[in-house]
Structure formats: structure tokens, C-alpha cells
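Here are my notes on the model below. Please read them with the structure open beside you.

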Amino acid sequence: MKTYNIFTNEPDSLPCGRADFLLAASVTKTCEIEGITQAGIPGMIPLTPTLDAEFIINERVYSLGELAETPTGVPTPAIITRAVHNLVPFSATEILDLGLQIIPQNSICHSFNILPSNSIALGADIDAKAVFRKGMAAGESYELKGNYLILGESTPSGTTTATATALALGYDCKDDFSSSFLHVPNNVRNETINKALSLINDEMSNFEKLSVVSDNMLIFCAGFLMSASRRFHIVLAGGTQMAACLLVADRLREDVLMRVKHENITLATTSWVANDKNSDIAHILSLLSYKPNAVYTSFSFENATIPILKKYDEGEAKEGVGAGAALAYAYVNEVDNAKLLEAIERILYSM
């Protein structure tokens with residue numbers, strides 16, 4: 001297993017040492033639109049971030065009898081992050097509740113009095129400025145336990161809200177966002193995005209637009225990045241959603257008179273996102289006012305003995321719950337593909 005630069009396909013790496021792991025867990029009711037996401041159990045999609053949070057901390061779930069998986073049986077990327085933690089423990093593993101319907105059990109969960117956001121098709125109804133400020137305050141006060149921070153996310157239908165967010169802020173990247181699906185449900189996704197964009201106009205401020213078309217995770221984490229990156233290195237764990245988080249922070253720099261200290265930020269994703277033919281994370285990142293440090297790993301399930309895992313290599317699930325950065329963290333700490341695969345399968349066999 002190796003890490004590569006997204007822009008050049010040359011070898012690259014993350015900071016050395018142990019990392020804190022924060023999971024930004026959030027629900028946007030956009031996920032309740034039929035057919036828009038498969039990131040979880042049908043009819044229970046809003047539970048996905050709660051289950052992901054419980055699993056990465058406890059290696060079991062409490063709020064439901066089973067782990068979140070796609071309708072075809074592909075387990076959540078949380079299994080990857082947890083397996084990495086089993087091999088090279090994070091210096092801290094904590095949850096940011098950015099609007100959950102059910103609070104994770106037996107977890108260190110930080111509350112910010114943020115409610116789940118509405119469907120963007122009807123207007124998200126977020127106080128974006130307040131959520132952003134809460135993110136900035138959290139970034140200013142977070143006490144790092146390890147050498148750097150990995151910031152992951154679990155937000156079902158988040159690529160849809162991320163697309164709407166980027167377009168609302170004026171970025172030209174309509175077809176660049178990935179999906180948990182192998183075959184992206186473009187009709188329902190495009191319809192949802194178009195409805196969201198119809199609710200805003202050019203007279204609105206950036207924060208007013210975000211209040212209508214975005215989600216709490218993107219807005220909070222943009223604020224968190226802006227302040228926390230001034231104190232320590234942050235690895236954004238995720239694909240096109242976290243790329244959109246960088247877009248949000250970059251666009252808001254004039255609104256808050258503060259730039260992102262991008263030298264202290266690395267985006268780390270999976271090869272499944274970096275090489276996805278239906279999305280283009282490199283193009284999204286190229287829209288920033290600076291050239292970011294962005295990497296992906298060569299990890300694959302080619303040699304898996306549990307057949308369902310090979311669907312990751314075929315293009316399902318792809319990323320989430322910090323998987324991309326966890327894989328890169330494993331590599332930097334000298335965990336190879338075979339050892340990690342064994343740890344992931346051990347988790348599944350024990351369930």
C-alpha cells in the first residue's frame with residue numbers, strides 16, 4: 001500500500017506520528033428522498049451516522065441490531081477506519097454531533113445544539129453563520145492529544161448537498177461529485193439540486209445561500225478548519241464532500257477576513273474516489289485559490305476472501321467515515337495491504 005498525490009500520481013505521505021480522530025456526524029433530511037443515497041439501511045438512512053459513530057468507537061452498534069450497509073450488502077467504510085484503529089490506535093476517537101436524530105451510545109460525543117437540517121429541496125433551514133461560528137470556536141478550543149488531527153464525516157446524501165453548495169457559491173463543478181452508488185442516480189440528484197438552487201438568488205450573501213442549500217457538516221467543518229489549521233495540521237478525511245468543505249472555507253475567507261492556512265491541511269481519500277470515472281475530485285480541488293495537498297492510497301480488496309468487499313473495487317461505497325485518511329495513516333505507520341485486509345475481515349467474521 002502506498003499514498004499518491006492526487007494531482008501528479010507521484011508518491012506522497014501524511015504527517016508522521018499518532019493522530020486524533022474526529023468524526024463530524026450529521027443528518028440532512030435530503031437523505032430521506034427516495035433513491036438519492038444508499039449509504040445505509042433503506043428506511044433508516046438517518047441512523048447511519050449514529051451507527052458509524054458507535055462502531056468506530058466500540059466496534060459494535062447499540063442503536064440498531066446491525067451495522068449500516070448498502071442494499072447490496074456492502075458494509076460501511078467504518079469497518080476500514082475501525083480496523084486501522086485496532087492496528088495503530090488513534091490518540092483520541094471522538095464524535096462531533098452536528099445534527100443527529102439519535103445520539104451515539106457509549107461514545108465521547110460533543111454537542112453544539114445543532115439540529116438535523118431539512119431537505120435542500122425545500123430549503124435546508126440552517127443558520128449558516130451561527131453554525132460556522134460554532135465550528136470556528138470548536139477549532140480554536142480543541143485540545144490536540146496526538147501529533148495531528150484527522151477530521152472525517154458521516155453525512156448520508158452529503159455529496160448531493162455538497163454539489164448544491166458548490167454550485168450556489170459559484171463554482172463550476174456540477175458533474176464532479178461522487179456517490180455511494182456504482183451507477184449514480186443523476187435524475188433524482190439533479191432534480192433535488194435544481195430545486196435547491198431555485199430557492200436562492202444573486203442578491204443573497206454567501207451565508208444566506210448556505211443556509212438554504214448546504215448541510216451542517218460542510219459549514220461547521222469549514223469554520224473548524226479555518227481556525228484549527230492555524231494551530232496544528234489537519235487531515236481532511238474524505239472525498240468530494242471534504243473537497244467541497246475546502247471550497248466553502250475558501251469562498252468565505254473574505255466574509256470573515258481570514259484565510260485558510262492551507263499549508264497545515266491535507267485532504268486524504270481513497271483510490272476509489274481518486275480514480276472514479278463518474279466524478280473528478282482533482283477538478284474540484286483545482287477551483288481553490290491555492291493548490292492543496294491532496295493524497296490517496298493504493299489499498300484495494302482484490303485479495304479479499306469475503307466477496308462483498310470486492311464491490312468497493314468495483315465502485316460502490318468508495319469513501320466515508322474517515323476511511324481515506326485512515327488508510328493513509330495506516331500506511332505511514334507501516335501497515336501493509338495484507339495486514340489491514342486481515343484486520344478488516346476479522347471484524348466482519350466476528351459479527
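1. Which residues of the largest nonpolar core touch the most other members? They are Leu-98, Leu-151, Phe-220, Phe-224, Leu-246, Leu-267 and Leu-285, out of 68 residues in that core. A nonpolar core is a set of buried Ala, Val, Leu, Ile, Met, Phe, Trp, Tyr and Cys residues joined through side-chain atoms within 4.5 Å; buried means under 20% relative accessible area (1.4 Å probe, protein chains only). Helix 7 (residues 216-228) contributes the most to this core, 10 residues. Another core, of 57 residues, lies apart from it and includes Val-61 and Val-295.

2. This is a predicted model: local features need pLDDT of at least 70, side-chain atom pairs count only at pLDDT 80 or more, and totals for chains, interfaces and linings use all residues. Residues are numbered from 1 along each chain as its sequence is written, and side-chain values use heavy atoms, with hydrogens and water left out.

3. Phe-220 is in contact (heavy atoms within 4.5 Å) with residues beyond four places in sequence, among them Leu-96, Phe-112, Val-131 and Ala-138.

4. Strand 6 runs parallel to strand 5 (residues 148-154), with 3 bridges, and pairs in the parallel sense with strand 7 (residues 265-269) over 4 bridges; pairing requires at least two DSSP bridges.

5. Helix 6 (residues 206-213) is largely enclosed by the rest of the structure, because 7 of its 8 residues are buried. Those buried residues pack against helix 3, helix 7 and helix 8, among others.

Technical notes:
Buried < 20%, exposed > 50% of the residue type's maximum accessible area, 1.4 Å probe, protein only. Helix = DSSP H or I, 4+ residues; strand = E, 2+ residues; numbered from the N terminus.
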